[in-house]
Amino acid sequence: MGTIGLARLHGLFAAYKPPGLHWKHLRDTVELQLLKGLNAGKPPAPKQRVRFLLGPVEDSEEKELTLRATSVPTLTNHPLVCGPAFTSLKVGVGHRLDVQASGVLVLGVGRGRSLLTDMYNAHLTKDYMVRGLLGKATDNFSEDGQLVEKTTYDHVTREKLDRILALIQGSHQKSLVMYSNLDLQTQEAYEMAVRGLIRPMNKSPMLITGIRCLHFEPPEFLLEVQCMHETQKQLRRLVHEIGLELKTTAVCCQVRRTRDGCFTVDDALLRAQWDLHSIQDAIQAAMPRVAAELEKSLQLGGSQQPPGPGWQEDEGPSAALKDWPSGGAVGG
């Protein structure tokens, strides 16, 4: 099981991080479960070696001893002698979630860890469900923070909230164009903008590509936010700023990531599924989608920026992407 299991462990998969759990604890738990699965397989049959052992002489009435060639197992590689075959496994984490947040967390195993860098450089968007509560302000923009102020919110309507959200989205779309280094006067750039394919060329502040209200029942409201280069604290601050724009205050009750690139909540493995076989199946199922997403991002990057002098036509997103189907040792 060990060697065969390793061959199917190179790649990316998504786990569901519950609130209150640190991402490091999730990663360590996944690593421990994978090691247990790899070491749980039946060990290979021990090698045989020839030894000369003393034994009685056949058909002899006297108690004579003689040396006889005997095949015996070599126990130097037995797990009870040398310990488990797999003692460490390199597991990487993609776009992180803080302790309070929950949702999709992408992890990479073995050579798949280099694909995490490719995903980061692709500037893929992520979706969040952000729940807010009107009428309160705290020191950390969260409901469990120290209360700073209480305000009324009877004047807030769905129409006013939608208008603020439209202004926010329009402002961030202008910033997206600026950080993409595109000239919208060209037909190609205009078509990319219409299709929502513009990406920043380098690191930028948080950029919101889409925001809308899914539920409004004061004092509670639920937002769907599509963004990139964000932190969960920035999303909580966004709720606070929306409250100020509405002439009141607001705190964030929940931040839940529902999509990270091509990984959605439906792809995320729950705590009970953090085992070797489930993770292997998830990695194999994600391979074609990840490859397609990175190839698409590579093409978009080429459209937004001319190839440099060191660029080769046959370059892909990562060498790890080409090596995915093959086996080998995990980590390095």
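This is a predicted model: local features need pLDDT of at least 70, side-chain atom pairs count only at pLDDT 80 or more; totals for chains, interfaces and linings use all residues.
Visitor: Is D260 buried or exposed?
Guide: Buried means under 20% relative accessible area. D260 has a relative accessibility of 0%, so this residue counts as buried.

Visitor: Which residues is D260 in contact with, leaving aside its neighbours within four places in sequence?
Guide: Contact here means heavy atoms within 4.5 Å. With those sequence neighbours set aside, the partners of D260 are H95, V104, V106, M119, T125 and K126.

Visitor: What classes of residue make the contact of α5 with α7?
Guide: From α5 come L161, I164, L165 and I168, while α7 brings L238, I242 and E245. Leu and Ile count as nonpolar and Glu as charged. By class, the contact has no polar residues, one charged and six nonpolar.

Visitor: What span is expected for helix α2, and what does the model reach?
Guide: Helix α2 covers residues 23-39, which is 17 residues. At 1.5 Å a residue, the expected span is 24 Å. From first C-alpha to last, α2 is close to that, reaching 24 Å.

Visitor: Which residues of α2 are buried?
Guide: The cut-off for buried is under 20% relative accessible area. In α2 the buried residues are W23, L26, T29, V30, L34, L35, G37 and L38.

Visitor: On to the backbone. Where is the cis peptide bond between P218 and P219 placed, and what is its omega?
Guide: Most peptide bonds are trans. P219 sits in the loop between β9 (207-217) and β10 (220-228). The bond from P218 to P219 is cis, with omega near 10°.

Visitor: What is the phi of H123, and is this residue buried or exposed?
Guide: Most residues other than glycine have a negative phi. H123, in the loop between α4 (113-121) and β6 (126-134), has a positive phi of about 55° although it is not a glycine. Its relative accessibility is 11%, so H123 counts as buried.

Key
Residues are numbered from 1 along each chain as its sequence is written. Side-chain values use heavy atoms; hydrogens and water are left out. Helices (H or I, at least four residues) and strands (E, at least two) are DSSP runs, numbered from the N terminus. The expected span of a helix is 1.5 Å times one less than its number of residues. Buried means under 20% relative accessible area, exposed over 50%, partly exposed in between (1.4 Å probe, protein chains only).
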